[in-house]
Amino acid sequence: MLDDHPEYHEQGIIPAQSQRPKHLARQTSDTTKQRVVEEASKTHHTSASSITAQLKSDGIPIGKGKVIEILEEAGLYGTIYKTNATGEYKQRRGLFRLCEKRQQGA
């Protein structure tokens, strides 16, 4: 449809190519990253899923994988080790804050 009207491009009404930088198209903003870290510090969040759900309910479109990536960069998420109810030593991925609380309480 735009090819039918090349004068739009010549007059500068519509640019011939997008002005949006391609390499920054999927970059997460600093305010969103800061908000993820703030939510992780709240005591009622026990997982990346609950942080993701809270942010989505607040209108921030973000996925669980991106939340985990941001938390890992901030040093708040990774492999934690704990014992289960039967006394077996298990490792899993989670918030470091939860692991530290359990170790301090024990």
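Visitor: How many bridges join strand S1 to strand S2?

Guide: The model is predicted, so local features need pLDDT of at least 70 and side-chain atom pairs count only at pLDDT 80 or more, whereas totals for chains, interfaces and linings use all residues. Residues are numbered from 1 along each chain as its sequence is written, and side-chain values use heavy atoms, with hydrogens and water left out. Strands (E, at least two residues) and helices (H or I, at least four) are DSSP runs numbered from the N terminus, and two strands pair if DSSP finds at least two bridges between them. S1 covers residues 77-83 and S2 covers residues 89-95; the two run antiparallel, and the number of bridges between them is seven.

Visitor: Which residue in S2 stands opposite Tyr 77, and which stands opposite Thr 83?

Guide: S1 and S2 form a hairpin with five residues between them, and Gly 87 in the turn has a positive phi of about 90°. Thr 83 has Tyr 89 of S2 opposite it.

Visitor: Is Gly 94 buried or exposed?

Guide: Gly 94 belongs to strand S2. Apart from neighbours within four places in sequence, its contacts (heavy atoms within 4.5 Å) are with Leu 76, Tyr 77, Gly 78 and Ile 80. Buried means under 20% relative accessible area, exposed over 50%, and partly exposed in between, with a 1.4 Å probe and protein chains only. Because its relative accessibility is 5%, Gly 94 counts as buried.

Visitor: What is the relative accessible area of Lys 90?

Guide: Lys 90 also has its place in strand S2. Not counting residues up to four places away in sequence, Lys 90 touches Ile 80, Tyr 81, Lys 82 and Asn 84. From Ile 80 it is separated by ten residues in sequence and by 8.4 Å in space, C-alpha to C-alpha. Lys 90 is classed as partly exposed because its relative accessible area is 40%.

Visitor: At what angle do H2 and helix H4 pack?

Guide: Two packed helices are described by the angle between their axes and the distance between the axes. Here, axes are lines fitted to C-alpha atoms, for helices over the stretch in contact, and angles run from 0 to 180 degrees between N-to-C directions. H2 and H4 are roughly perpendicular, a class that covers 65 to 115 degrees; under 35 is roughly parallel, over 145 roughly antiparallel, and the rest oblique. The axes of H2 and H4 (residues 64-73) lie 10 Å apart, at an angle of about 80°.

Visitor: Which residues in H4 meet those of H2?

Guide: From H2, the residues involved are Lys 33, Val 36, Val 37 and Ala 40. Their counterparts in H4 are Val 67, Ile 70, Leu 71 and Glu 73.

Visitor: With which residues is Thr 28 in contact, leaving aside its neighbours within four places in sequence?

Guide: Thr 28 is found in the loop between helix H1 (6-11) and helix H2 (30-41). Thr 28 counts as buried because its relative accessible area is 17%. The residues in contact with it are Lys 33, Lys 66 and Ile 70.

Visitor: Which pattern does the chain follow along the sequence?

Guide: The chain has five helices and two strands. Of its 106 residues, 23% are buried. Read along the sequence, the pattern is α-α-α-α-β-β-α.
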